[in-house]
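Here is a briefing on a structure. Look at the sequence and the model, then read the points below.

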Amino acid sequence: MSASASAGSVGAGPVGTVGAARVDSRRAAKAPRPAGVRSLAKFLRIGVVVALGLVWLAPLYLVVVNALRPSTAYTGEHLWTPSGSFSLFSNFSIGLNAGSLGPSVWVSLLYSLIAPAIAAVIGAMAGYAITVLRIRHGFSWFMVIYGGTMFPAQMLLVPLFFGYANLRLYDSRIGMVLIYVAIDVPLAAFVMRNFFLSTARSVYESALADGANPWTIFWRIYLPMCRVALIAVFILEFTFVWNDLLFGLVLSHSSGVRPLMTTLATLSNPYAGVTVPVILSSGLIVSLPTVVLFLATQRLFAKGLTLAQI
Amino acid sequence: MSQQLLTAEPRAGGSKPPPKRRAGHIRGLTGWSYGMVAPSVLLVAALLYAPFLWSAWLSFTHYNGTGSPAWAGLANYRELFSDPVLDTTLRNTALWVVGTLVLPVGLGLLIATLTYNVKGGAWLRLPFLLPYALSGTVTAVVFGFVLQDGGALNTLLHTLHLPGSSVSFLQTAPLNTIVMIFAQTWQSIGVNLLLFVIGLQSIPREPIEAARVDGAGGLRLFTSVIWPLLRPLTAVIVGLALVAGLKTFDLVWIMTEGGPGRSSETLAITMYEDAFVSGNYGYGAAVAVLLTVIGLVVSLLYLRQQASPKRELDLTGAGR
């Protein structure tokens with residue numbers, strides 16, 4: 001009887017409301033059987049995840065084992081066996097010096113700190129002008145800025161390459177920062193506009209009444225107010241710039257301008273004459289900033305990502 | 001600050017403030033607002049819109065980088081659509097889109113569901129989150145090392161006496177595209193997992209408890225309660241994956257450069273090859289235009305598909 005009743009209620013709708021008394025009686029009737037089933041199910045659940053997790057860790061294990069191997073001891077054999085030495089940093093320093101990774105690390109750090117910061121402030125300015133200052137045709141301005149995200153990078157590459165060559169921006173740090181800022185601005189404007197929409201207008205009006213000018217209100221009140229959103233955007237864009245390969249490939253060639261990932265990609269070419277432990281240790285170490293940033297700010301990161309999409 | 005969020009007044013709440021009042025507030029406010037919107041608009045116009053239009057125009061020209069582009073009408077497009085490379089490229093791109101849609105999103109959802117509400121779930125999820133922090137370049141370096149001939153995977157298969165110990169994973173098409181999709185899955189599962197976990201944690205407890213009480217458990221609980229509640233989030237995640245799959249470049253460029261021959265090229269790689277390796281900039285621009293059009297069509301179809309079932313559901317609900 002109880003079986004048919006419960007089947008019926010499941011069929012009727014899983015979110016149905018159930019009287020408290022019935023709940024207790026059913027729980028009591030069902031309790032003994034599922035206990036074993038449930039623990040088996042839980043065991044299976046965790047088993048599947050652990051097995052998959054080991055598969056996921058295997059490449060990381062290989063990378064670590066072979067990044068720690070002395071550069072000269074690498075023969076391409078016994079890849080799965082640890083070498084017992086710790087040559088991570090000496091391998092990396094070979095990459096920095098002989099592989100010319102050094103200048104790229106610094107210049108990428110420069111790009112990934114400066115471009116997202118500029119983009120965040122510029123985007124916030126636009127969001128402020130649109131939502132708080134209520135610029136005429138605000139929504140159209142917003143769509144113009146946000147529409148910039150529609151274009152795939154491939155549509156921009158050829159004109160940027162020739163345009164940069166004509167304007168002497170090709171292979172210059174300013175040129176790289178400019179394109180990174182331009183790519184980052186639409187997202188920043190989008191997130192900031194949404195954030196400012198949710199703030200009380202009285203803040204602005206009372207500050208204005210106190211005689212502050214719009215820029216002061218923006219810089220002193222609105223920008224500090226949107227700290228969290230700013231940081232979410234910054235993290236997302238830092239990661240984007242730090243990981244960029246394509247713009248670096250097309251718009252730069254000399255060491256000191258060429259970003260990190262582009263240089264690493266060139267190094268990984270078999271003809272570059274760099275050993276596997278050097279490449280792997282370099283790949284491992286240059287990933288640390290984004291690994292730390294990502295793990296420390298998972299939720300904020302995810303928030304920025306979902307904000308970016310809708 | 002969060003309090004402010006809660007007490008925020010809707011912008012378009014009452015009647016629109018008359019423009020007169022706005023202008024009377026402070027002199028030159030229009031100047032301020034144009035001044036503050038200008039940097040964004042100028043940057044986007046100069047570095048995104050202008051190149052976009054320039055590319056569209058270049059796709060109708062022959063241009064080898066010297067002199068000026070020569071008008072060619074539809075010649076690039078005619079050549080493109082009769083090129084056998086395009087078939088391979090389109091097939092690979094479709095594989096990438098479907099593969100990176102099904103695998104990272106599906107597995108992300110699976111792991112999120114399996115580790116949700118499990119003690120130590122965060123630790124169980126860590127192996128899947130870590131690779132997401134690696135760039136496409138580093139992922140390519142890692143898997144280039146794992147998958148190269150006589151590399152770690154070949155060795156492992158040999159030791160375990162499994163077939164495939166002498167397979168050239170990166171030199172055989174279409175196997176190379178498939179293993180690269182797995183590499184991409186390895187890297188990108190983390191973000192989907194993270195989003196799904198956050199989605200699951202934000203599901204109110206009441207419907208789940210009620211369903212449990214009603215006897216729904218396991219798969220049943222998932223399909224009838226959890227999945228419908230996750231749908232809006234899934235729409236976002238699938239949208240992200242679609243776009244990422246279409247634009248696949250980094251991994252393929254580093255692992256195979258689109259080879260051997262041109263067998264593992266995606267649209268993004270074909271564009272780069274034709275423009276920057278062969279120096280046919282007009283032709284490359286035509287490939288970029290094709291990529292843009294496909295992207296637009298896919299997005300529109302997706303949005304339409306996403307919008308329609310919900311409406312039907314509402315209609316039937318209202319009809320009764």
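Asp171(A) sits in the loop between α7 (154-166) and α8 of chain A; helices are DSSP runs (H or I, at least four residues) and strands are E runs of at least two, numbered from the N terminus. Its phi is positive, about 60 degrees, although Asp171(A) is not a glycine. Asp171(A) is partly exposed, because 16 other C-beta atoms lie within 10 Å. A residue is buried with 20 or more other C-beta atoms within 10 Å of its own, exposed with 12 or fewer, and partly exposed in between, the C-beta atoms being placed from the backbone.

This is a predicted model, in which local features need pLDDT of at least 70, side-chain atom pairs count only at pLDDT 80 or more, and totals for chains, interfaces and linings use all residues. Residues are numbered from 1 along each chain as its sequence is written, and chains are lettered from A and ligands numbered from 1 in the order in which they are written.

**Other backbone features**

- Glu257(B) also has a positive phi, about 55 degrees, although it is not a glycine.
- Glu257(B) belongs to the loop between α12 (250-255) and α13 (267-277) of chain B.
- Glu257(B) counts as partly exposed, because it has 16 C-beta neighbours inside 10 Å.
- The peptide bond from Ala173(B) to Pro174(B) is cis, with omega near 0 degrees.
- Pro174(B) is in the loop between α8 (152-159) and α9 of chain B.

**The two chains**

- Chain A has 16 helices and 0 strands.
- Chain B has 14 helices and 2 strands.
- In chain A, 44% of the 310 residues are buried.
- In chain B, 41% of the 320 residues count as buried.
- Two residues are in contact if their C-beta atoms, placed from the backbone, lie within 7 Å.
- Among chain A contacts with a separation of 6 or more, 76% join residues 24 or more positions apart.
- For chain B, 65% of the contacts with a separation of 6 or more join residues 24 or more positions apart.

**Helix packing in chain A**

- Helix α8 (residues 173-197) of chain A packs on helix α11 (residues 227-242) of chain A at about 160 degrees, with the axes 10 Å apart.
- That angle makes α8(A) roughly antiparallel to α11(A).
- Axes are lines fitted to C-alpha atoms, for helices over the stretch in contact, and angles run from 0 to 180 degrees between N-to-C directions.
- Angles under 35 degrees count as roughly parallel, over 145 as roughly antiparallel, 65 to 115 as roughly perpendicular, and the rest as oblique.
- From α8(A), the contact uses Tyr180(A), Asp184(A), Leu187(A), Ala188(A), Val191(A), Met192(A) and Phe195(A).
- From α11(A) come Ala229(A), Ala232(A), Val233(A), Glu237(A) and Val241(A).
- By class, the contact of α8(A) with α11(A) has 10 nonpolar, no polar and 2 charged residues.
- Nonpolar means Ala, Val, Leu, Ile, Met, Phe, Trp, Tyr, Cys and Pro; charged means Asp, Glu, Lys and Arg; the others, Gly among them, are polar.

**Nonpolar cores**

- A nonpolar core is a set of buried Ala, Val, Leu, Ile, Met, Phe, Trp, Tyr and Cys residues joined through C-beta atoms within 7 Å.
- The largest core has 161 residues, of which Tyr128(A), Ile179(A), Ala182(A), Val185(A), Ala188(A) and Val233(A) touch the most other members.
- The largest share of this core, 16 residues, comes from α8(A).
- Not counting residues up to four places away in sequence, Ala188(A) touches Ala119(A), Ala120(A), Gly123(A), Ala124(A) and Val233(A).
- A second, separate core of 5 residues includes Ala211(B), Val225(B), Ile226(B) and Leu230(B).

**Where the chains meet**

- The contact takes 91 residues from chain A and 87 residues from chain B.
- Helix α3 (residues 32-68) of chain A gives the largest share of the side of chain A that touches chain B, 14 residues.
- That side of chain A divides into 66 nonpolar, 21 polar and 4 charged residues.

**Tyr63(B)**

- Tyr63(B) lies in the loop between β1 (61-62) and β2 (70-71) of chain B.
- Tyr63(B) is buried, because 23 other C-beta atoms lie within 10 Å.
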